[in-house]
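Here are some notes to read alongside the model. Please keep the structure open while going through the points.

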Amino acid sequence: MNKEAKRVLSFGTHPDDIEIGCGGTEVLLAQNGYMITHVILTSGEAGSDRIAPWELSAIREKEAIEAAKVIGAGGVEFMRYPDGLTGFTREMKVDIIRLIRRLKPHVLFVHERNESSLGHRVAGELVLESMQAASGPWFQEAGGGPWSPDVVLGYEVWHPLGRYELAVDIGATLETKLKALACHRSQTAGVRYDEAIRGLARWRGVMSLSGGDAEVFEVIKASPDVLLGSLVR
Ligand SMILES: [Zn+2]
């Protein structure tokens, strides 16, 4: 991969998904000079039975901006699709194609493809379909030229992946990941996210790295250059 211009685009259905799924790996990438942008597809307005949806979306967007800063991400884009996605439209696809062609990511993070949550799975399909379409001459109404990321990684949220191809040691960045997660106060008030994340990271670390803490990923795409580059140095 070209080490000069390195951009990461991470998609999450809800304002906290990205930090949960790939926050530790993102911190590592940010520390290595990658420019990271978060794209939040819904503002998570259905995430509380105590706070009204219109209030909650504003609160959660603020939390997402705060968390992205902790991670070291340079920007957050809010698509504001309705929480609880059951499908997507052509217009939504054009939005995401436009975004990919504008931001030209080398690395893309998205929900893994076998997500148990319907909202997460639909969001993942929207992003991967758009990514495919962004790589060719199609959907010219989205503007920009064809673009395709070199690496696409699928992350797990609360339903652990049965299979994965990549484990990343996040021992050095776990505390920053937890600090970012703690920004999502509307969500952490009733649930010990920190304990769940520590437990998952340690379990992943022990099973994949023989110790430490890890995040694991489904490798959805690795360009021939990246694959060969790691084989033939
Ligand atoms: Zn979510």
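1. Arg-113 has a relative accessible area of 44%, so it is partly exposed (buried means under 20% relative accessible area, exposed over 50%, partly exposed in between, with a 1.4 Å probe and protein chains only). Its side chain meets that of Glu-218 in a salt bridge, 2.8 Å from N to O (a side-chain nitrogen of Lys or Arg within 4 Å of a carboxyl oxygen of Asp or Glu). Arg-113 sits in the loop between β4 (107–111) and α4 (118–134) and Glu-218 in strand β7 (residues 214–222), so the pair ties together parts 105 residues apart in sequence. Helices (H or I, at least four residues) and strands (E, at least two) are DSSP runs, numbered from the N terminus. Glu-218 is buried, at 11% relative accessibility.

2. This is a predicted model: local features need pLDDT of at least 70, side-chain atom pairs count only at pLDDT 80 or more, and totals for chains, interfaces and linings use all residues. Residues are numbered from 1 along each chain as its sequence is written, and side-chain values use heavy atoms, with hydrogens and water left out.

3. The whole structure holds 14 salt bridges. One of them joins the side chains of Glu-61 and Arg-80 at 2.7 Å, N to O. Glu-61 belongs to helix α2 (residues 53–71) and Arg-80 to strand β3 (residues 75–81), so parts 19 residues apart in sequence are tied together. Glu-61 is buried at 12% relative accessible area, whereas Arg-80 is exposed at 55%.

4. Salt bridges also link Arg-192, Asp-194 and Glu-195 in a network.
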